[in-house]
Amino acid sequence: MNDKTIDEIPVAVTESEAAAAAPVEEAPADPSHALEEALRQAEAKAAEHYDSWLRAKAETENIRRRAQEDIAKAAKFAVERFAKDLLPVKDSLEAALASDAASAESLRAGTELTLKQLIAAFEKSALSEINPLGAKFDPHRHQAISVVESAEEANTVVTVLQKGYLLADRVLRPALVIVAKAAT
């Protein structure tokens, strides 16, 4: 055999094996470099959040502005449908006044037709009449002008001086009424 010792035998070693076998010497870490990197990352994240916040704030302002514009338009044009329904009523009244050879009967018929048009416009707009004759007095829907002795039950409407109106179950104008009181 050969007289060589194990230490003298050449061995092929790869770089990765050599790196693993070599004692690990870390480069001295610079604590200020790590802090600067952490600060840069934090500043980048803060800038990103600030940008997101600005965009969200701008979007909120745009939504608020659009909502205010929509409310203003709704208030401005709320009666548009009702006004369109009243135009034929006005046309009928003008046509009646323009006629020179109108008899009393034709004026009455025209007035009845115009009233029907007006009632139809009221119904389309959820405008309903309050005519409480014979009903119990309701202070939320009626306004008592006076109280009279009557054979009717107390607190019953005996006379309607002016009809009231509801707009979608809200009192637009209370009915003006005279209410019965018990006979003394």
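In this model the side chains of Glu112 and Arg108 meet in a salt bridge at 3.3 Å, N to O, where a salt bridge is a side-chain nitrogen of Lys or Arg within 4 Å of a carboxyl oxygen of Asp or Glu. The model is predicted, so that local features need pLDDT of at least 70 and side-chain atom pairs count only at pLDDT 80 or more, whereas totals for chains, interfaces and linings use all residues. Residues are numbered from 1 along each chain as its sequence is written, and side-chain values use heavy atoms, with hydrogens and water left out.

Glu112 and Arg108 are four residues apart in helix H4, and because of this spacing they are separated by about one helical turn. Glu112 counts as partly exposed at 41% relative accessibility, whereas Arg108, at 57%, counts as exposed; here buried means under 20% relative accessible area, exposed means over 50%, and partly exposed lies in between, with a 1.4 Å probe and protein chains only.

The structure holds 10 salt bridges, and helix H2 (residues 31-76) contains both partners of the one between Glu37 and Arg40. The side chains of Glu37 and Arg40 meet at 3.0 Å, N to O, and the two residues lie three residues apart, about one turn of the helix. Glu37 is partly exposed with a relative accessible area of 32%, and Arg40 also counts as partly exposed, at 43%. Another salt bridge joins the side chains of Glu69 and Arg65 at 3.2 Å, N to O; being four residues apart in helix H2, Glu69 and Arg65 are separated by about one helical turn. Glu69 counts as partly exposed at 38% relative accessibility, and Arg65 is partly exposed with a relative accessible area of 38%.

Turning to the chain as a whole, the protein has four helices and six strands, these being DSSP runs numbered from the N terminus, with helices (H or I) of at least four residues and strands (E) of at least two. Read along the sequence, the elements follow the pattern α-α-α-α-β-β-β-β-β-β. Of the 184 residues of the protein chain, 11% count as buried, and the chain exposes about 15100 Å², of which carbon and sulfur atoms supply 58%; accessible areas come from the Shrake-Rupley method with a 1.4 Å probe, and for residues only the protein chains shown count as cover. Among the contacts in the chain with a separation of 6 or more, 62% come from residues 24 or more positions apart, a contact being heavy atoms within 4.5 Å.

The passage from the helices to the strands can be followed at Ser125, which is placed in the loop between helix H4 (104-124) and strand E1 (127-130). Ser125 is buried, with a relative accessible area of 13%, and, not counting residues up to four places away in sequence, Ser125 touches Arg81, Phe82, Asp85 and Leu167.

Three strands form an open sheet in the order E2-E6-E3, with mixed pairing; two strands pair if DSSP finds at least two bridges between them. Strand E2 (142-149) and strand E3 (157-162) stand at the edges, each with a single partner strand, so one side of each is left without a neighbour in the sheet. Neighbouring strands of this sheet are turned by 25° against each other on average, direction ignored, as judged from axes that are lines fitted to C-alpha atoms, for helices over the stretch in contact, with angles running from 0 to 180 degrees between N-to-C directions. E2 and strand E6 (residues 175-181) pair in the parallel sense over seven bridges, and Val147 stands opposite Val179 in E6.

Val179 also belongs to the largest nonpolar core, whose six residues are Ile130, Val157, Leu166, Ala175, Val177 and Val179; such a core is a set of buried Ala, Val, Leu, Ile, Met, Phe, Trp, Tyr and Cys residues joined through side-chain atoms within 4.5 Å. E6 gives the most to this core, with three residues. Not counting residues up to four places away in sequence, the residues that Val179 touches include Phe137, Ala144, Val147 and Asn155.

Asn155 itself lies in the loop between E2 and E3 and is partly exposed, with a relative accessible area of 46%. Phi of Asn155 is near 65°, a positive value in a residue other than glycine. Most residues other than glycine have a negative phi. Ala168 likewise has a positive phi, near 50°; Ala168 is placed in the loop between strand E4 (164-167) and strand E5 (170-173) and counts as exposed at 55% relative accessibility.
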